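Hello,

Here is the structure I promised to hand over. My notes follow below it.

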Amino acid sequence: EELNGKYILELEHPIDKKDKWKNLVEENIIKADGQLFRIYSTEKDLNYVYVFARHIFYDLLHNFLEDVRPTEMNGAAALNWILSNTQYPHRFRGTSDIETINTQYYIRKNPVEAILGEDSLVTRWNGELERDNFTIKLLNQRGQDKGVQISYGKNLLGLEVKRDMDTVITRLMPIGRDGLLLPEKYIDSDLIDNYAYPYIKKVNFDIGEEEPTEESEGVT
């Protein structure tokens, strides 16, 4: 864990005869040191499966804030305003002891960007983030920094499979020229219910300046 930064878990597990390794797949959750980590990527060779997981807080990477503007709020109010105005509901809740009053706009960002990115809750309200499973605390000062670091084997040989959930999109917000949106705003994949939660991303589609031609329209 890094203060106001990454909170990750990486491990390797043998390809055991009891097939325990088969539980180490994308979207499954590992509990370590009392905290929950969701697997987002795996690699496998003939002997081991290598697991890359992020703290459950990063589930919020795949939620979305359309236009969220905490205005003249203290730390607790601003954090909970962000968490209460996501595109779909979740289990996270926020607390804070920061009394500073501030204002910030978050337009078409995911909640992790709003909390930890540039001009974020952490930088605007000057706090230290403590992530305790589904509780997010923005504090003047954290009581303890454990400095836990887990490393994994490198220079892998015989690699067979690599899987990564960070490329998945199940709910898309297309954005055209000048911020043009579809009337329904989102397009959902037919497979959206196959995942633990919707994976939302915005994608800009700028059609450029050229006018359509008969050939490009398929006219003969």
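Three strands make it up, in the order 6-9-8, with mixed pairing. Strands here are DSSP runs (E, at least two residues), as helices are (H or I, at least four), numbered from the N terminus. Two strands count as paired if DSSP finds at least two bridges between them. Strand 6 (93-96) and strand 8 (128-132) are the edges, each pairing on one side only. On average, neighbouring strands of this sheet are turned by 20° against each other, direction ignored.

Before going on, some ground rules. This is a predicted model: local features need pLDDT of at least 70, side-chain atom pairs count only at pLDDT 80 or more, and totals for chains, interfaces and linings use all residues. Residues are numbered from 1 along each chain as its sequence is written, and side-chain values use heavy atoms, with hydrogens and water left out.

**Strand 9 and its surroundings**

Strand 8 and strand 9 run antiparallel, joined by five bridges. Asp132 has Thr135 as its bridge partner in strand 9. Thr135 belongs to strand 9 (residues 135-139). Thr135 is buried, at a relative accessible area of 13%. Buried means under 20% relative accessible area, exposed over 50%, partly exposed in between (1.4 Å probe, protein chains only). Leaving out residues up to four places away in sequence, Thr135 touches Arg93 and Glu130. Contact means heavy atoms within 4.5 Å.

Helix 1 (residues 75-84) lies across strand 6 and strand 9, at about 165° to strand 6. Axes are lines fitted to C-alpha atoms, for helices over the stretch in contact, and angles run from 0 to 180 degrees between N-to-C directions.

**Strand 4**

How many of the residues of strand 4 are buried? Seven of its eight, so strand 4 (residues 48-55) is mostly covered. Strand 1 (residues 8-14) pairs with strand 4 in the antiparallel sense over seven bridges. Leu11 stands opposite Val51 there. Strand 3 (residues 35-44) also runs antiparallel to strand 4, joined by seven bridges. Glu43 has Tyr50 as its bridge partner in strand 4. Strand 3 and strand 4 form a hairpin, with three residues between them.

**Tyr199**

Tyr199 sits in the loop between strand 12 (187-188) and strand 13 (200-204). Tyr199 is buried, with a relative accessible area of 2%. Its contacts, not counting residues up to four places away in sequence, are Glu27, His62, Met165, Val168, Ile169, Thr170 and Arg171. The C-alpha atoms of Tyr199 and Ser189 are separated by 9.9 Å, with the two residues 10 apart along the chain.

Best regards
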